[in-house]
Amino acid sequence: MKFFKNHVLNTYNRLPLSFERGEGVWLFDKSGKKYLDALSGVAVNTLGHNHHELINAISKQASKLIHVSNYYHIEEQCLLAAKLASISTLDSVFFCNSGCEANEAAIKFARLFGHKNGNDAPNIIVMERAFHGRTMATLTATGSRKVQAGFEPLVPGFIRVPFDDIKAIQHIADKKNKVVAIMVEPIQGEGGINIANDMKSYLESLRKICDENNWLLMFDEVQCGIGRTGKWFAYQYSDVKPDVLMLAKGLASGVPIGACVVNDKVASVVSAGKHGSTFGGNPLACIAGLTTLKSVEKENLLENAFEQGAFIVETLAKNLSSRREIISIRNMGLMIGIELNQACNDIVKYGLDEGILINVTADKVIRLLPPLIINRGEATILTTILTKVIQDFLERR
Ligand SMILES: *Cc1c(COP(=O)(O)O)cnc(C)c1O
């Protein structure tokens with residue numbers, strides 16, 4: 001397929017295809033060839049493509065109001081905030097338009113919290129292999145040199161520790177460093193679908209250290225939140241609650257939105273004029289968010305994510321059990337990683353030929369993030385094709 005030389009800046013290595021329409025878990029290219037979408041625009045299309053209730057809600061809202069300024073009360077924003085507070089059991093929401101903005105808000109609120117509590121140099125503890133975004137502060141928080149290289153000087157105020165290493169954090173606490181918060185993805189997405197060895201105990205230990213030191217616990221659930229793991233939020237597999245929760249990707253099923261959800265302790269340090277966003281929380285995006293959350297409930301998509309995720313992983317493990325090249329197949333719900341003993345970025349093209357959209361992250365990890373609406377029949381098709389694709393790739397057929 002030939003693409004005319006275009007004027008889009010070269011920030012992505014784009015594959016040579018484009019899509020015309022989608023239906024459920026399927027995407028169709030211009031020639032009519034269909035692909036099972038096991039990426040969902042990177043965990044974005046929670047409800048798949050052309051979800052009728054979502055389309056109706058967006059259309060209806062667009063004909064009433066698309067945007068008004070945050071200088072006024074926005075009813076749709078209040079409704080979505082209340083729903084997010086209810087499912088997270090936190091208190092207030094700042095709306096923005098993306099994951100990095102939700103994280104920027106969290107970083108700002110944490111620094112404010114520090115200064116209000118007499119910490120004049122509030123540092124934030126972040127993790128190796130973390131991904132928090134591409135703005136200056138969030139790329140600094142990100143644990144990948146590739147993301148940071150060329151953009152120095154980075155933003156001060158971050159301390160890095162290995163993921164899933166409580167001792168490293170305790171060591172920093174013991175040294176009386178000026179820390180204000182720990183910022184962590186409960187499951188690392190871009191870093192390779194990294195799940196702590198015992199996630200429940202890891203998150204509970206993080207909570208304990210934060211409580212002992214009056215630090216904030218901030219969970220970046222931009223990728224793992226909104227039902228992807230089989231619960232609304234990955235941290236709900238433990239007994240802890242964060243002080244700050246960052247959301248974006250799957251929240252409005254494709255309409256740009258971000259949210260920084262906080263408890264009252266954090267909310268109390270934020271006053272009018274301290275942060276803002278022109279587009280953040282506009283009626284259209286909030287209706288899309290609200291409809292996404294309601295549909296997840298109505299269609300039992302939390303249970304579905306858990307069940308289909310388990311099915312996909314069990315089936316792949318069985319089909320590929322004789323393959324020594326496979327280091328591990330791991331998941332929480334429909335956040336799935338298949339780690340190989342070799343770089344496998346090219347496998348994406350094998351997938352395209354066979355009609356599945358997959359992704360590789362951290363060079364060696366095949367990542368599956370299908371829409372939460374995927375059913376058993378579609379999950380079966382996915383595992384059958386993916387098994388062949390992995391076999392073919394490993395045999396270089
Ligand atoms: C994708 C992602 C981000 C950045 O989101 P953008 O909307 O691309 O800015 C931040 N954190 C995590 C965990 C992500 O997966």
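**Entry 1: the cavity**

I started with the largest cavity, which has a volume of about 50 Å³. The model I am working from is predicted. My search of the whole structure turned up one cavity of 30 Å³ or more.

I then listed what lines the largest cavity. The residues are Ala 43, Thr 46, Val 222, Gln 223, Gly 225, Ile 226, Arg 228, Lys 249, Gly 250 and Leu 372. I sorted this lining by class and got four nonpolar, four polar and two charged residues.

Which domains supply the lining of the largest cavity? Domain 1 (19–50 + 299–395) and domain 2 (54–298) each give at least three residues.

**Entry 2: the ligand shell**

Next I looked up what surrounds the ligand. I noted Ser 98, Gly 99, Cys 100, Asn 103, Phe 131, His 132, Gly 133, Glu 185, Asp 220, Val 222, Gln 223 and Lys 249. By class, this shell splits into three nonpolar, six polar and three charged residues.

Which helix gives the largest share of the shell? Helix H4 (residues 99–116) does, with three residues.

I cross-checked the shell against the cavity.

**Entry 3: ligand distances**

An oxygen atom of the ligand sits 2.6 Å from a side-chain N or O atom of Lys 249. For Asp 220, I found a side-chain N or O atom 2.7 Å from a nitrogen atom of the ligand.

How much of the ligand does the protein bury? Taken alone, the ligand exposes 380 Å², and the protein buries 82% of that.

**Entry 4: the second largest pocket**

I moved on to the second largest pocket, which holds about 320 Å³ of space. I listed its lining as Ser 92, Val 93, Phe 94, Phe 109, Cys 260, Val 262, Ala 267, Val 270, Ser 271, Ala 272, Gly 273 and His 275. Strand S4 (92–96) and strand S12 (258–262) are the elements that give two or more residues to this lining. S4 contributes the most, with three residues.

Key:
Residues are numbered from 1 along each chain as its sequence is written. This is a predicted model: local features need pLDDT of at least 70, side-chain atom pairs count only at pLDDT 80 or more; totals for chains, interfaces and linings use all residues. Side-chain values use heavy atoms; hydrogens and water are left out. A residue is near a molecule or strand if one of its heavy atoms lies within 4 Å of it. A polar contact is a pair of N or O atoms within 3.5 Å; within protein, one must be able to donate a hydrogen and the other to accept it, and residues adjacent in sequence count only if both atoms are side-chain atoms. Accessible areas come from the Shrake-Rupley method with a 1.4 Å probe; for residues, only the protein chains shown count as cover. Helices (H or I, at least four residues) and strands (E, at least two) are DSSP runs, numbered from the N terminus. Ala, Val, Leu, Ile, Met, Phe, Trp, Tyr, Cys and Pro count as nonpolar, Asp, Glu, Lys and Arg as charged, and the others, Gly among them, as polar. On a 1 Å grid over the protein atoms alone, a cavity is a set of points where a 1.4 Å probe fits but cannot get out, and a pocket is an open set with protein on both sides within 12 Å along at least five of seven lines; lining residues have an atom within 4 Å of a point. Grid points are joined across faces, edges and corners, and a volume is the space filled by probe spheres set on the points. Domain bounds come from an automatic or database domain assignment.
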